[in-house]
Amino acid sequence: MARTEKGLTVKEEAVVAINIDTDIVVARHKSRELAAQLGFSYVDLTLIATAVSELARNIVLYGGAGEIQLSLVENGVNRGIVVVAEDHGRGIADINRALQDGYSSSGSLGLGLPGTRRLMDEFEIVSAPGKGTKVTVKKWKR
Amino acid sequence: MDRIPILKMGECLLVSIQVDMDDDLALALRDSLTSRIVQDKARGVLIDISSLDIVDSFIGRMLANIAAMAKILDAQTVLVGMRPSVAMTLVELGLSLPGIQTALNVDRGLKLLHCSPQGESSAAKHH
């Protein structure tokens, strides 16, 4: 069941469909459960689950519908969790602005994306107007 | 999902959040707490979050909103029992909850609010 992708061996995977706000709770539970299998510290589990919660909420707020893909990975040296949050919503026109603290197009606090970036070790975003948004974040086990 | 119970003790309202709240439940808590402050003429609100292992930006904002609304209604809010990991996450997230008073545990929170059973004043206890 293990497969290799971009130099990462994927050990375990889960996908959570995100459509309504209760799915956010499901996604953060699932991420915590999966990350716990790798033996992350209690603090790291909290950081990971909170990041997943922020990403899932962004899908509900801006994407309308999408999914969160969770994978436990290994790159030969380190083990970690990869979270991919993808939607096919309206996308982000100005990614730099969306990554600034306090910028929000929905009346929220505007901490979702910049906050998530600080909670995780790696952060990557691909988005274009009308093309949806894909955010990939990683946390490595220390 | 069930609503979160709000208990009355003297002039204070006590809430212990025991479930991982979805957005609707968090909004329902904000609405019922603000109504109860007026209805029960409460002077203090104590919210225990010791069971919460996640406070994301939405729940954090809801807690800050509750405190702000309570203040306008002449009631003081104290948030108690925050786990260290939640405190670390909130600060990293950029949500330092200004304007919301915190206490380490329920005991200290009750002292801050001067809450006592049956509304007896602290002077009355000294006979």
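This is a predicted model: local features need pLDDT of at least 70, side-chain atom pairs count only at pLDDT 80 or more; totals for chains, interfaces and linings use all residues.

Visitor: OK, where does Pro5(B) sit?
Guide: Pro5(B) is in the segment before strand E1 (6-9) of chain B.

Visitor: Is Pro5(B) buried or exposed?
Guide: Exposed, because its relative accessible area is 53%. Buried means under 20% relative accessible area, exposed over 50%, and partly exposed in between (1.4 Å probe, protein chains only).

Visitor: And what is Pro5(B) in contact with?
Guide: Leaving aside neighbours within four places in sequence, Pro5(B) is in contact with Leu14(B) and Val15(B). Contact means heavy atoms within 4.5 Å. Pro5(B) and Val15(B) are ten residues apart in sequence, and their C-alpha atoms are 6.5 Å apart.

Visitor: What about Asp40(B), buried or exposed?
Guide: Asp40(B) is buried, since its relative accessible area is 18%. You'll find Asp40(B) in the loop between helix H1 (23-39) and strand E3 (44-48) of chain B. Not counting residues up to four places away in sequence, Asp40(B) touches Lys8(B) and Leu13(B).

Visitor: Over to chain A. At what angle do H2(A) and H4(A) pack?
Guide: Helix H2 (residues 42-63) and helix H4 (residues 112-119) of chain A pack at about 155°, with axes 9 Å apart. Axes are lines fitted to C-alpha atoms, for helices over the stretch in contact, and angles run from 0 to 180 degrees between N-to-C directions. So H2(A) is roughly antiparallel to H4(A). As for the cut-offs, angles under 35 degrees count as roughly parallel, over 145 as roughly antiparallel, 65 to 115 as roughly perpendicular and the rest as oblique.

Visitor: Which residues meet there?
Guide: From H2(A), they are Leu47(A), Thr50(A), Ala51(A), Glu54(A), Leu55(A) and Asn58(A), and from H4(A), Gly112(A), Leu113(A), Thr116(A) and Leu119(A).

Visitor: How many residues of H4(A) are buried?
Guide: Six of its eight, so H4(A) is mostly covered. The buried ones are Gly112(A), Leu113(A), Pro114(A), Gly115(A), Thr116(A) and Leu119(A). Those buried residues pack against H2, helix H3 (95-98), E5 and E6 of chain A, together with helix H3 (84-93) of chain B.

Visitor: How many residues are in the largest nonpolar core?
Guide: That core has 34 residues, and those with the most contacts inside it are Leu55(A), Ile68(A), Val83(A) and Leu113(A). A nonpolar core is a set of buried Ala, Val, Leu, Ile, Met, Phe, Trp, Tyr and Cys residues joined through side-chain atoms within 4.5 Å.

Visitor: Which element gives the most to this core?
Guide: H2(A) does, with eight residues. Apart from this core lies another, of 32 residues, among them Ile59(B), Leu63(B), Val86(B) and Leu95(B).

Visitor: Back to Val83(A), what does it touch?
Guide: Not counting residues up to four places away in sequence, its contacts include Val52(A), Leu55(A), Ile68(A) and Met120(A).

Conventions
Residues are numbered from 1 along each chain as its sequence is written. Chains are lettered from A and ligands numbered from 1 in the order in which they are written. Side-chain values use heavy atoms; hydrogens and water are left out. Helices (H or I, at least four residues) and strands (E, at least two) are DSSP runs, numbered from the N terminus.
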